[in-house]
Amino acid sequence: MNRKELSRKIIDTCLEMTRLGLNQGTAGNVSVRYQDGMLITPTGTPYELMTEDSIVYVDKNGKHEEGKLPSSEWHFHLAVYEARADVDAVVHNHAMNCAAVSILEKAIPPIHYMIAVGGTDHIPCVPYATFGTHKLAEYVKEGIKESKAILLAHHGLIAAEKNLDKALWLAHEVEVLAEWYIKLLSTNQPIPLLPKEEMAVVLEKFKSYGLRIEEK
Ligand SMILES: C[C@H](O)[C@@H](O)[C@@H](O)C(=O)COP(=O)(O)O
Ligand SMILES: [Zn+2]
């Protein structure tokens, strides 16, 4: 895809993220790896007002093109691309249930085998740091090596995948897991978890299982 097509795809992903109920207002941001850096949504801009020209190129050193302001979270988007050569798209949101679990500063444990979507047996939660900081990017860089989906304490979710469709799919799956977890916590009952051995089996199976769509 050329830059214009990728920019359109970024905006469509943002709009779909809101349509799926995974975000609200101007929260969240989306990027794709591009040349030696990335294309990313602009800061503080309602998704429905974005055009292809609004999308900002940021190089691998964090230098952005003139006349445009990238998302305040450009540090952690770059950090994801540095940490993982296997992902080319990043979605960040403040989805209701993911944010709720992140406020508890909890990882989502193996309540259901779909927890394996991130590539490990839980969805980690990285420590809190102020939005838009190097500190937050440092935490993200470590966390994302463990799992393609991570919670940011007192903030929200990051999902990284090979393309935007897959990253959004992952974000949606994790929001469902987070909703189940919040419901389970509210029962005040002990929560049975899948054993490590079973999660190892599922994780192995997931290596050859994936979303069978290629991005258009
Ligand atoms: C304050 C921001 O909303 C922050 O939470 C950031 O993480 C976010 O989600 C949206 O910021 P940008 O509009 O700068 O991408
Ligand atoms: Zn945010």
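**Note on the ligand site and fold**

1. The shell around ligand 1 comprises two nonpolar, nine polar and one charged residues. Here Ala, Val, Leu, Ile, Met, Phe, Trp, Tyr, Cys and Pro count as nonpolar, Asp, Glu, Lys and Arg as charged, and the others, Gly among them, as polar. The residues surrounding the ligand are Thr26, Ala27, Gly28, Asn29, Thr41, Thr43, Gly44, Ser71, Ser72, Glu73, His92 and Phe131. A residue belongs here if its C-beta atom, placed from the backbone, lies within 6 Å of the ligand.

2. This is a predicted model: local features need pLDDT of at least 70, side-chain atom pairs count only at pLDDT 80 or more, and totals for chains, interfaces and linings use all residues. Residues are numbered from 1 along each chain as its sequence is written, while chains are lettered from A and ligands numbered from 1 in the order in which they are written.

3. An unreviewed UniProt entry annotates a "binding site" at Gly28, Asn29, Thr43, Gly44, Ser71 and Ser72. These residues span 45 residues in sequence, yet no two of their C-alpha atoms are more than 10.0 Å apart, so they gather at one spot. UniProt positions follow the numbering used here, feature names are shortened, and annotations may be inferred rather than shown by experiment.

4. Take Gly28. It lies in the loop between α1 (3-19) and β1 (29-34). Helices (H or I, at least four residues) and strands (E, at least two) are DSSP runs, numbered from the N terminus. Gly28 is buried, with 24 other C-beta atoms within 10 Å. The cut-offs: buried means 20 or more other C-beta atoms within 10 Å of the residue's own, exposed 12 or fewer, partly exposed in between, with C-beta atoms placed from the backbone. Setting aside neighbours within four places in sequence, Gly28 contacts Met17, Asn23, His92, Asn93 and His94. Contact means that the C-beta atoms, placed from the backbone, lie within 7 Å.

5. Asn29 sits in strand β1. Asn29 is buried too, with 27 other C-beta atoms within 10 Å. Not counting residues up to four places away in sequence, Asn29 touches Ile40, Thr41, Ser71, Glu73 and His92.

6. Now the sheet. Seven strands form an open sheet in the order β3-β2-β1-β4-β7-β6-β5, with mixed pairing. β3 (56-59) and β5 (125-126) stand at the edges, each with a single partner strand, so one side of each has no neighbour in the sheet. Two strands pair if DSSP finds at least two bridges between them. Strands β6 (149-152) and β7 (156-161) pair in the antiparallel sense over four bridges. Ile150 has Ile158 as its bridge partner in β7.

7. Helix α1 lies across β1, β2 (37-40) and β4 (89-93), at about 155 degrees to β1. Axes are lines fitted to C-alpha atoms, for helices over the stretch in contact, and angles run from 0 to 180 degrees between N-to-C directions. Leu6 is found in α1. Leu6 counts as buried, with 20 C-beta neighbours inside 10 Å. Beyond residues up to four places away in sequence, Leu6 touches Met1, Val32, Tyr34 and Leu39.

8. Helix α2 (74-83) has eight of its ten residues buried, so it is largely enclosed by the rest of the structure. The buried residues are Trp74, His75, Phe76, His77, Leu78, Ala79, Val80 and Tyr81. They pack against β1, β2, β3, β4, α4 (134-146) and β7.

Terms used:
Two residues are in contact if their C-beta atoms, placed from the backbone, lie within 7 Å.
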